[in-house]
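Here is a short report on one chain.

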Amino acid sequence: MNLTGLDSFRKRYLIPSIEKGYVAQLYPDAPKRRDQAYYLTEKGLALYAEISKRQ
């Protein structure tokens, strides 16, 4: 994945996934919260299921 650190991961993968609606934040009003967590949305779960079927 050529990750150089957490900032690289956020910029390349996490933020685009959130913007496209595949991932959501557990605490959206506090994005820098130290115990911030993320989960797959219905759209993300559907994509995961589709990808899993292919393998």
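## Helix end, threonine and rings

Just after α1, G21 adopts a positive phi of about 90°. The model is predicted. Helix α1 itself is not straight: α1 bends by about 30° at Y13. A proline, P16, follows within four residues of that bend.

How confident is the prediction, by mean pLDDT of the chain? The mean is 92, and 95% of the residues reach 70 or more. Among the elements of the chain, helix α1 (residues 6-19) has the lowest mean pLDDT, 91. Strand β1 (residues 23-25) has the highest, 98.

The backbone oxygen of G21 lies 2.5 Å from a polar atom of the T41 side chain. T41 sits in the loop between β2 (38-40) and α2 (42-54). Is T41 buried or exposed? T41 counts as buried because its relative accessible area is 18%, and the cut-off for buried is under 20%. Leaving aside residues up to four places away in sequence, T41 touches G21, Y22, V23 and A24.

R33 is placed over the ring of Y27 by its charged end. The distances to the ring centres are listed here.

| Charged residue | Ring | Distance to ring centre |
|---|---|---|
| R33 | Y27 | 3.7 Å |

The whole structure holds 1 aromatic pair.

Definitions and conventions:
Residues numbered from 1 in each chain as written. Predicted model: local features only at pLDDT ≥ 70, side-chain atom pairs only at ≥ 80, totals over all residues. Heavy atoms only, no water. Helix = DSSP H or I, 4+ residues; strand = E, 2+ residues; numbered from the N terminus. Buried < 20%, exposed > 50% of the residue type's maximum accessible area, 1.4 Å probe, protein only. Polar contact = N/O pair within 3.5 Å; in protein donor to acceptor, adjacent residues only side chain to side chain. Contact = heavy atoms within 4.5 Å. pLDDT = per-residue confidence, 0-100. Phe/Tyr/Trp six-rings, centres within 6.5 Å; stacked < 30°, edge-to-face > 60°. Lys NZ or Arg CZ within 6 Å of the ring centre and 35° of its normal. Bend = angle between axes of the 7 residues up to and from the residue.
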